[in-house]
Amino acid sequence: MPQTTKGSTILLENYRFLKDYVYKESGIVLDDDKHYLVESRLMPVALQEHLASLDALCTALRGKANPRLHRKVVEAMTTHETLFFRDVALFDALRSEILPLLIERRKSTRKLAFWSAAASSGQEAYSLAMLLLEAELGGWNTQILGTDLSEQILARAREGRYKQIEINRGLPASYLLKYFERQGLDWQIKDRVRRMVTFEPFDLRKSMRAKGPFDIIFCRNVLIYFDVETKKKILRELRRALFPGGYLVLGGAETTLNLDEHFKQVPAGRATFYQAP
Ligand SMILES: C[S@@+](CC[C@H](N)C(=O)[O-])C[C@H]1O[C@@H](n2cnc3c(N)ncnc32)[C@H](O)[C@@H]1O
């Protein structure tokens, strides 16, 4: 009799197929005990496709090429959790220590380049844009690139329209008044902020030779999903996409330690930055 994973409705061979599939398409590693996650994320996709089970979904994925279905599965398996000014200590340190340093460093060219490398729905890139507006860098050329694997989430980021519940998570009230306008029940980020960011698709596992150089790269809360080899490769590429002395910012549960020894850990306020040689 074909085996299912313990407590799960999906055949073991199909769970393995989905696990390999998600890894191949995104680099995301699903542990052997994540069948509940796979079921909760993919059962809605199966039902939308009029498929009665995850096993039927796997049969469809193995069958004739269906790029739309393939995309839907990867979209459903990626976590887009994000918020404005995620990690207040980090943005405080950026404002009070790192940005003044960079301004001094770039005063002759008056040009600064930033990359939000797993941008999700855009809150990280727009938080940075608002921080730069507050710094009143009149006459400076500031470029912010936002990239993500998911086209669907990038469409949301470009739109810059957020629900009240997303606004409540991290956005200071004074910034809401200054940089957003009401649109029905939602809030639309104003054009002057939106225009500061360019969003485009990019898979972090690809070569970054054509990207940068950047003064700061945010690559937060995405390395946690990858295996050690993928993390090492991404960190190596990110290092090369930074200016010498440029800064990498990682999520609270992420580090370069034991993965890339070239980065120097730089404490700033209550945050840690990783500086390229
Ligand atoms: C949890 S969100 C992090 C958002 C933001 N950086 C933050 O910290 O709030 C992770 C994002 O990484 C993206 N992602 C996953 N795999 C990726 C890959 N291989 N290349 C680029 N982005 C990827 C997902 O689509 C998702 O939007």
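This is a predicted model: local features need pLDDT of at least 70, side-chain atom pairs count only at pLDDT 80 or more; totals for chains, interfaces and linings use all residues.
Local features were taken only where pLDDT is at least 70, and side-chain atom pairs count only at pLDDT 80 or more, while totals for chains, interfaces and linings use all residues. Residues are numbered from 1 along each chain as its sequence is written, and side-chain values use heavy atoms, with hydrogens and water left out. Helices (H or I, at least four residues) and strands (E, at least two) are DSSP runs, numbered from the N terminus.

Strands of a sheet pair through backbone hydrogen bonds, either parallel or antiparallel. Here, two strands are taken to pair if DSSP finds at least two bridges between them. An open sheet is built from 7 strands. Their order is E6-E2-E1-E7-E8-E10-E9, and the pairing is mixed. The edges are held by strand E6 (197–201) and strand E9 (264–268). Each has a single partner strand, so one side of each is left without a neighbour in the sheet. On average, neighbouring strands of this sheet are turned by 25° against each other, direction ignored.

Within this sheet, strand E1 (residues 111–116) runs parallel to E2, and 6 bridges join the two. Trp-115 stands opposite Leu-145 in E2. Strand E2 (residues 141–148) is mostly covered. Of its 8 residues, 6 are buried (under 20% relative accessible area, with a 1.4 Å probe and protein chains only). Pro-267 has Thr-272 in E10 as its bridge partner.

A further open sheet has 3 strands in the order E3-E5-E4, with antiparallel pairing. Strand E3 (161–162) and E4 stand at its edges. Each has a single partner strand, so one side of each lacks a neighbour in the sheet. E3 pairs with E5 over 2 bridges, in the antiparallel sense. Arg-161 lies opposite Gln-188 in E5. Strand E4 (residues 180–183) and strand E5 (residues 186–189) are also antiparallel, with 4 bridges. Arg-182 stands opposite Trp-187 in E5. E4 and E5 form a hairpin with 2 residues between them. In the turn, Gly-184 has a positive phi of about 60°.

Two helix pairs were examined next. Axes are lines fitted to C-alpha atoms, for helices over the stretch in contact, and angles run from 0 to 180 degrees between N-to-C directions. Helix H3 (residues 54–62) and helix H4 (residues 67–77) have axes that come within 9 Å and cross at roughly 130°. H3 and H4 are therefore oblique to each other (angles under 35 degrees count as roughly parallel, over 145 as roughly antiparallel, 65 to 115 as roughly perpendicular and the rest as oblique). Leu-57, Ala-60 and Leu-61 of H3 make the contact with Leu-69, His-70 and Val-73 of H4 (contact means heavy atoms within 4.5 Å). The residues of this contact divide into 5 nonpolar, 1 polar and no charged (Ala, Val, Leu, Ile, Met, Phe, Trp, Tyr, Cys and Pro count as nonpolar, Asp, Glu, Lys and Arg as charged, and the others, Gly among them, as polar).

Helix H5 (residues 88–105) packs on helix H6 (residues 123–134) at an angle of about 45°. Their axes are 11 Å apart. H5 and H6 are therefore oblique to each other. Phe-91, Leu-94, Arg-95 and Leu-99 in H5 meet Glu-124, Ser-127, Leu-128, Leu-131 and Leu-132 in H6. The residues of the contact of H5 with H6 divide into 6 nonpolar, 1 polar and 2 charged.

Conventions: Buried means under 20% relative accessible area, exposed over 50%, partly exposed in between (1.4 Å probe, protein chains only).
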